[in-house]
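Thanks for coming. I have one structure to go through today, and I will keep to what was computed from it.

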Amino acid sequence: MVRVLEHYCGFPVPVEPVLVFVGVTDLKVVATQLGVRVDEERQVAPLAPLSGVLTTEQVEQVHSVARHRQAWSRA
């Protein structure tokens, strides 16, 4: 997925995997996948102040490419 976005955008598209569980009553996280952030719904708000690495224009370009069906036909 990242390769497709980077190919059509022409710049690196950094990705950090996040799993967000909604409506769970109990969540036990075992640290086996250290590269994946696991949060409950109430923990998503603290992500807002994190600074991004893409400019507004780059985010719009990634969004545009991600929505383009032909970009994914050969993925």
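Predicted model: local features only at pLDDT ≥ 70, side-chain atom pairs only at ≥ 80, totals over all residues.

Residues are numbered from 1 along each chain as its sequence is written, and side-chain values use heavy atoms, with hydrogens and water left out.

The protein has three helices and two strands; both kinds are DSSP runs numbered from the N terminus, helices being H or I with at least four residues and strands E with at least two. Their order from the N terminus is α-β-β-α-α.

Of the 75 residues, 13% are buried. Buried means under 20% relative accessible area, exposed means over 50%, and partly exposed lies in between, with a 1.4 Å probe and protein chains only. Take contacts, meaning heavy atoms within 4.5 Å, between residues at least 6 apart in sequence: 41% of them join residues at least 24 apart.

Now the core. The largest nonpolar core has eight residues: Val4, Leu5, Cys9, Phe11, Val13, Val62, Val65 and Ala71. Such a core is a set of buried Ala, Val, Leu, Ile, Met, Phe, Trp, Tyr and Cys residues joined through side-chain atoms within 4.5 Å. Helix H1 (2–9) and helix H2 (56–67) are the elements that give two or more residues to this core, and H1 gives the most, with three.

Which residues of H1 are buried? They are Val4, Leu5 and Cys9. These three sit on the same side of H1, because they cover an arc of only 115 degrees around the axis, taken from the directions from the helix axis to the C-beta atoms. They pack against H2 and helix H3 (69–72). Leucine 5, leaving aside residues up to four places away in sequence, touches Val13, Val62, Val65, Ala66 and Trp72. On the face turned away from the buried side, H1 carries the exposed residues Arg3 and His7. After H1 comes glycine 10, with a positive phi near 85 degrees.

Last, a strand residue. Valine 18 lies in strand S1 (residues 18–21). Is this residue buried or partly exposed? Valine 18 is partly exposed, at a relative accessible area of 36%.
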